[in-house]
Amino acid sequence: MNRRQLQLGAAAAAVWLIAPMASAQNWPDKPVKLILSQPAGSGPDAVARLIGDQLSRKWGQPIIVENRPGGQNAIGAQAAAKAAPDGYTFYFATAAALVTNVYLFKNLPYDPQKNFTPVGMIGKVPFALSVNASSKLRSLQEFVNHAKANPGKLTVANEGPKTFSGMVTRLLAADVAIDVNSVPFSSVAAAVTDTVGGQTEALVSDVPSIAQMVAAGKLRPLAVTTGKRIAGWDNVPAVSETLPGFDYSGWMGIVAPAGTPAPAVQRFNRDLDAVLKDKGMAERLLAIGPVTEGAGTVDQMAAYLAAEHRRWAKLANDLSILPE
């Protein structure tokens, strides 16, 4: 009897050990949800659906993109943070949702560092300082000189002080010691429209949002905020060429609710990396948003997030930015 019980116990233990492995091999066996903090039709939404389509083909399961816009990313992030960590809900995150919001808002309804597990990077989104095509300003140095000659008068459109473009506007002004009139807009589209129309003199925005206006000759980019020049805009200097070390870009990545099974996280990471490293996919993504170099590893994503928090914490302190 004892021998029989031991045999049954050993068999049960073997099944218990094998079950997670089998589950990992079969994952996903039902639709996967991807929550976004941006509305349908936005740049991140287009990126998420493009990537989701490729992952869906790999997995043989639908990818359901669920848009939860509002609250400066808080609504979508909170929904993702509270989702069941069962490996079937993930969050398409931005730099604002996972990093800068911490230093801008006092009472976030989620904790980016505790509520999420890193999965993988999608890519960085370059930003640019641009002016109306009829402007006499043709370089970053001319922009700085003009601002110094007219303190507090040069109008710079952005999406507001608690957004990435608003923060970059403030950082740039601080680094070159100028005083500009930062003009907040409810959307990047409205900011672009007013700069094209001449109501504001300059604009700080993500590159994809102004690409068409630049191509049409209605906006002139003076500099990109990334550490080096970007593909397709090789004639546009990087701010770092004037201010060494200046390197600010938005980014997009995938995280999961804390506690999500490691096999699902690793499988998502591996397949995301394969999708992003496809040359055709990289080119399609560049046309609508991020510059990608692949997903990296889960550990690399975790290290990047930690480094971003250290950097923005220091910046918030240096610029006396207090969460409100």
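Visitor: By class, how many nonpolar, polar and charged residues does the lining of the largest cavity have?

Guide: This is a predicted model. The largest cavity is lined by L129, F143, V156, T169, L172, A173, I178, V180 and V204. Sorted by class, that lining comprises 8 nonpolar residues, 1 polar residue and no charged residues.

Visitor: How much space lies in the largest cavity?

Guide: The structure holds 1 cavity of 30 Å³ or more. The space in the largest cavity is about 50 Å³.

Visitor: Which element gives the most to the lining of the largest cavity?

Guide: Among the lining residues are T169, L172 and A173. With 3 residues, the element that gives the most to this lining is α6.

Visitor: Why does N158 count as buried?

Guide: N158 is placed in strand β5, which spans residues 155-158. The cut-off for a buried residue is under 20% relative accessible area. N158 counts as buried because its relative accessibility is 1%.

Visitor: With which side chain does the side chain of N158 make a polar contact?

Guide: A polar atom of the N158 side chain lies 2.8 Å from the backbone nitrogen of G160. Leaving aside neighbours within four places in sequence, N158 is in contact with residues including S165, G166, S182, A191 and V204. The side-chain to side-chain polar contact of N158, at 3.5 Å, is with T169.

Visitor: How many of the residues of helix α4 are buried?

Guide: Helix α4 covers residues 95-104. Its buried residues include A95, L98, V99, N101, Y103 and L104. Their cover includes the strands β3, β4 and β9 and the helices α6 and α11. Of the 10 residues of α4, the number buried is 9.

Visitor: What percentage of the residues of the protein chain count as buried?

Guide: The protein chain has 11 helices and 9 strands. Its accessible surface comes to about 15,400 Å², and 55% of that belongs to carbon and sulfur atoms. Of the 324 residues in the chain, the share that counts as buried is 49%.

Visitor: Among contacts with a separation of 6 or more, what percentage do residues 24 or more positions apart account for?

Guide: Along the principal axes, the C-alpha atoms of the protein chain fill a box of roughly 95 × 40 × 30 Å. Within the protein chain, the share of contacts with a separation of 6 or more that comes from residues 24 or more positions apart is 76%.

Methods: Residues are numbered from 1 along each chain as its sequence is written. This is a predicted model: local features need pLDDT of at least 70, side-chain atom pairs count only at pLDDT 80 or more; totals for chains, interfaces and linings use all residues. Side-chain values use heavy atoms; hydrogens and water are left out. Buried means under 20% relative accessible area, exposed over 50%, partly exposed in between (1.4 Å probe, protein chains only). Helices (H or I, at least four residues) and strands (E, at least two) are DSSP runs, numbered from the N terminus. Contact means heavy atoms within 4.5 Å. On a 1 Å grid over the protein atoms alone, a cavity is a set of points where a 1.4 Å probe fits but cannot get out, and a pocket is an open set with protein on both sides within 12 Å along at least five of seven lines; lining residues have an atom within 4 Å of a point. Grid points are joined across faces, edges and corners, and a volume is the space filled by probe spheres set on the points. Ala, Val, Leu, Ile, Met, Phe, Trp, Tyr, Cys and Pro count as nonpolar, Asp, Glu, Lys and Arg as charged, and the others, Gly among them, as polar. Accessible areas come from the Shrake-Rupley method with a 1.4 Å probe; for residues, only the protein chains shown count as cover. A polar contact is a pair of N or O atoms within 3.5 Å; within protein, one must be able to donate a hydrogen and the other to accept it, and residues adjacent in sequence count only if both atoms are side-chain atoms.
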